[in-house]
Amino acid sequence: MRVKQKKPDWIRLKIQGSKNQQAVESMLANMHLNTVCQEANCPNKMECYERGTATFMILGKHCTRNCKFCNVTTKKPLPLDPNEPLHLAQAVEALGLKHAVVTSVDRDDLEDEGANHFAECCRKIKELNPNTTVELLIPDFHAREELLDIVLDSKPDVLNHNVETVEEIFDDICPQSNFTHSLRVLEYAKEKGFVTKSGMMVGLGETEEMVLGTMQKLRDVGCDMLTIGQYLQPSVKHIEVAEYIHPDQFEFYRVKGLEMGFKRVESSPFVRSSYHAEALNE
């Protein structure tokens, strides 16, 4: 059993609400849209809402997988909302986003695992917001190339898929997923000429050597951009934090990543895959 770690000073956030936060959440609720900011209990939610941004989560609120780190509810999903792509595009327009990030729950219950819905969301955003770039943060789709082609045919500006953790402990942290599938998703998108991005958490019991090894595997499949952040336990039901990684170590990973050839590396305790995504896309 892991010993519960005490949060160091650098991992404490001053949480406060804002009028802009209330306005964003109200608009999203009226359009029946979900955000990963709320569902995953993101530590940057207040900051992003204050900037008038949000990472949209499509395909419902319930996930068919049960990763040990994730705060999204695992439950039998509801039917897809056919109005979601249009409402999503309208929300992007209302928020005036220059860069929209769209992610989802896993929908292994669907024949296409949600690929067509992802593609339609991307197309609608671009149709209503021709000057907005779109980043799709997708599930692994079991690395099925016919499903990846459906998504890629919608022409996202960035194809993002998170490996989440290092290869050595991947099966324990993400028992219903597959590290090889994740690498193949990124490799296939790169082969098709897309800008690719991935993200991972640290503080789950990995070593420095494991982190660097996984980073190199991402570079070996041509991954362009990388985010690295501290794992934070969302609730007592989730796996405990093994270690709070010092900011100096995050900076070490950032520098090493650039040396490996990543075009952009965002690495610090509160970094999440979609945090400051617009800056990573510059």
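Colleague: Which residues does Thr 165 touch, not counting residues up to four places away in sequence?

Modeller: Thr 165 touches Phe 170, Ile 173, Phe 179, Met 200, Met 201, Leu 204 and Thr 214, a contact being heavy atoms within 4.5 Å. This is a predicted model, in which local features need pLDDT of at least 70 and side-chain atom pairs count only at pLDDT 80 or more, whereas totals for chains, interfaces and linings use all residues. Residues are numbered from 1 along each chain as its sequence is written, and side-chain values use heavy atoms, with hydrogens and water left out.

Colleague: Where does Thr 165 lie, and what makes it buried?

Modeller: Thr 165 sits in the loop between β7 (158-160) and α7 (167-173). Here helices (H or I, at least four residues) and strands (E, at least two) are DSSP runs, numbered from the N terminus. A residue counts as buried under 20% relative accessible area, as exposed over 50%, and as partly exposed in between (1.4 Å probe, protein chains only). The relative accessible area of Thr 165 is 0%, so Thr 165 is buried.

Colleague: How many helices and strands does the protein have, and what percentage of its residues count as buried?

Modeller: There are eleven helices and ten strands. Of the 282 residues, 50% count as buried. Among the contacts with a separation of 6 or more, 75% are accounted for by residues 24 or more positions apart.

Colleague: Why is the packing of α4 against α5 called oblique?

Modeller: The axes of helix α4 (residues 84-95) and helix α5 (residues 115-128) come within 8 Å and cross at roughly 40 degrees. Angles under 35 degrees count as roughly parallel, over 145 as roughly antiparallel, 65 to 115 as roughly perpendicular and the rest as oblique. The pair α4 and α5 therefore falls in the oblique class. The axes are lines fitted to C-alpha atoms, for helices over the stretch in contact, and the angles run from 0 to 180 degrees between N-to-C directions.

Colleague: Which residues make the contact of α4 with α5, and how do they divide by class?

Modeller: From α4 come Glu 84, Pro 85, Leu 86, Leu 88, Ala 89, Gln 90, Val 92 and Glu 93, and from α5 come His 117, Glu 120, Cys 121, Lys 124, Ile 125 and Leu 128. By class there are eight nonpolar, two polar and four charged residues.

Colleague: What makes α6 oblique to α8?

Modeller: Helix α6 (residues 145-152) and α8 pack at an angle of about 50 degrees, their axes being 11 Å apart. That angle makes α6 oblique to α8. Glu 145, Leu 148, Asp 149 and Leu 152 of α6 meet Arg 184, Val 185, Tyr 188 and Ala 189 of α8. These residues comprise five nonpolar, no polar and three charged.

Colleague: Why is Arg 184 called partly exposed?

Modeller: Arg 184 has a relative accessibility of 23%, and so counts as partly exposed. Arg 184 belongs to helix α8 and touches Ala 143, Glu 145 and Glu 191, not counting residues up to four places away in sequence.

Colleague: Why are α8 and α9 described as oblique to each other?

Modeller: The axes of helix α8 (residues 179-191) and helix α9 (residues 208-220) come within 9 Å and cross at roughly 40 degrees. The two helices are therefore oblique to each other. Phe 179, Leu 183 and Leu 186 in α8 meet Thr 214, Lys 217 and Leu 218 in α9. The residues of this contact divide into four nonpolar, one polar and one charged.

Key. Nonpolar A, V, L, I, M, F, W, Y, C, P; charged D, E, K, R; others polar.
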